[in-house]
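Subject: Handover of a structure and the findings in it

Dear colleague,

Please find below the structure that I am handing over to you. My notes on what was found in it follow directly after.

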Amino acid sequence: MLNRMRKSVADLAATYPGTSLTLRRLANLHLGRWEQRRNRIRLRSYPIKLTVESTNICNLRCPACFTGADEFGRPRRHFDLELFRALMRELGPYLFEVEFHNWGEPLLARHLFDMIEEATRYAVHSTVSTNFSLPFDAGRAERLVRSGLCVLGVSIDGARQSTYEQYRRHGDLDTVLRNCRLVLQAKRRLGTARPRMIWEFHVFEHNQGDVERAQVMARELEMDIAINRGWVVGPDQDLDPQYRYFADPEPTRCHFLWGQAVVNPDGGVSPCCGAFYREDDVGTLALSAAAGRPGMFREVWNGPRLQQARALFRSREAHAAGSSDLICRDCPRLLIWDGYQRHVSAGRDPATFEVGYTTNQCFQFFWNRRPVSGGEARRDAGSPRSSLGSASVARANSS
């Protein structure tokens, strides 16, 4: 038993470098896992991961990204620094990770460095995923390194401009590589190994031939490389089977509902990182001085919307009527779990259960969802509908 506990702590330290493994954090982690296994609806635990959309603005036009496709999910803005500080006062002692990205380009965020420094003060593992195809200089590189950032993921889907720009539209590969060198040089000057830099290579039909070259270039820049199959809009790609997605769908309860919070620049709390439109929010945090009051986040975390969503994992059929407008109701994760429960309840071998969804099909669910009162009305008929897509640093980092 003692050896298992030691291994668990060692695994956590390896997964979340930069996080201080306090008794409070460990107790909250185990309480959260216990509540998830028992499908508790109202939680005593706090999330262990916080996703903060530091800005929902982006400079590129990646075709399978809501922001790149010029969808309007909520007003364009930067995350409020005081709201973030209030969140950290409430959640910081329990968190293992803060990621500062979702659908926007975090290095365009007005308060990014300050927010990373705030997470560092709470001894929390921090991650940023960037396209890095933007103006940058040695001074900003040094500020980024000094902030205490743990992981810097850089999305570079190609080793040549001609392949790279097919997905990273309006991106410039030379600029990206130059910026990576600036961070490397800053790390050397300051004598630190952080942030760990990851070349995120999402494989598509057009860039398969660049993988080996990218591996060599990554080594030269002292970057790790994460090679994952890129998701696409429409039918899946015909790729070499060695290229797999960051994860395959499994019959498990949704970790977002019990362990991860997603907060947007307008204060809206999303049920998961795939939900883009504010119509799907499960609550809102006030963008004011009042946002700093104790229990601000817990009111949403145990609010009616998230309780309804968790209840669906007890019985989708029993709770469907009161949750018709929840994005969770028809999410593949819930449908897989519901099918698995029916399979096991019928006395069938759990090992014979077939998930019935690919990772790419799960992505289609979010991509094709357009709330009538939001994105549907605002969609431009000429918005691009390419067959290309990508994944995020969190998945790349855990693969």
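In which loop is E222 found? E222 sits in the loop between α8 (211-220) and β6 (224-229). Here helices (H or I, at least four residues) and strands (E, at least two) are DSSP runs, numbered from the N terminus.

Before going further, please note that this is a predicted model, in which local features need pLDDT of at least 70 and side-chain atom pairs count only at pLDDT 80 or more, while totals for chains, interfaces and linings use all residues. Residues are numbered from 1 along each chain as its sequence is written, and side-chain values use heavy atoms, with hydrogens and water left out.

Overall picture

The chain has 16 helices and nine strands. Of its 399 residues, 56% count as buried. Buried means under 20% relative accessible area, exposed means over 50%, and partly exposed lies in between (1.4 Å probe, protein chains only). Contact means heavy atoms within 4.5 Å. Among contacts between residues at least 6 apart in sequence, 73% join residues at least 24 apart.

Backbone features

E222 has a positive phi of about 55 degrees, although E222 is not a glycine. With a relative accessible area of 47%, E222 is partly exposed. N39 is likewise not a glycine and has a positive phi of about 55 degrees. N39 is found in the loop between α2 (23-37) and β1 (49-52), and at 4% relative accessibility N39 counts as buried.

Which residues does a cis peptide bond join? The bond links R194 and P195, and its omega is about 0 degrees. P195 is placed in the loop between α7 (173-190) and β5 (196-203).

Nonpolar cores

In soluble globular proteins, nonpolar side chains tend to be buried together. A nonpolar core is a set of buried Ala, Val, Leu, Ile, Met, Phe, Trp, Tyr and Cys residues joined through side-chain atoms within 4.5 Å. The largest such core has 105 residues, and those with the most contacts inside it are L50, V98, F100, F132 and W199. A second, separate core of six residues includes L12, L29, I48 and F96. Not counting residues up to four places away in sequence, W199 touches several residues, including V154, I156, L177, M217, L221 and I225.

T130 lies in strand β3 (residues 125-130) and is buried, with a relative accessible area of 1%. Leaving aside neighbours within four places in sequence, T130 is in contact with E105, L107, L152, G153, V154 and S155. T130 and C58 are 72 residues apart along the chain, and their C-alpha atoms are separated by 9.9 Å.

T358 lies in the loop between α13 (332-345) and α14 (359-368). At 35% relative accessibility, T358 counts as partly exposed. The C-alpha atoms of T358 and D248 are separated by 6.8 Å, although these residues are 110 apart along the chain.

Cysteines

A disulfide is a covalent bond between the sulfur atoms of two cysteines. In this work, a disulfide is a pair of cysteine sulfur atoms within 2.5 Å. How many disulfides does the structure hold? The structure holds zero disulfides. The closest cysteine sulfur to that of C273 is in C272, at 5.6 Å, and is therefore too far for a bond. C273 counts as buried at 9% relative accessibility, and C180 is buried as well, with a relative accessible area of 0%.

Cavities

A cavity is a set of points, on a 1 Å grid over the protein atoms alone, where a 1.4 Å probe fits but cannot get out; lining residues have an atom within 4 Å of a point. Grid points are joined across faces, edges and corners, and a volume is the space filled by probe spheres set on the points. A search of the whole structure finds two cavities of 30 Å³ or more.

The largest cavity has a volume of about 80 Å³. Among its lining residues are E53, R74, R76, W103 and F276. The second largest cavity holds about 30 Å³ of space, and its lining includes F256, V269, P271 and W301. Strands β7 (260-263) and β8 (268-270) each supply at least two residues of that lining.

Yours sincerely

Notes:
On a 1 Å grid over the protein atoms alone, a cavity is a set of points where a 1.4 Å probe fits but cannot get out, and a pocket is an open set with protein on both sides within 12 Å along at least five of seven lines; lining residues have an atom within 4 Å of a point.
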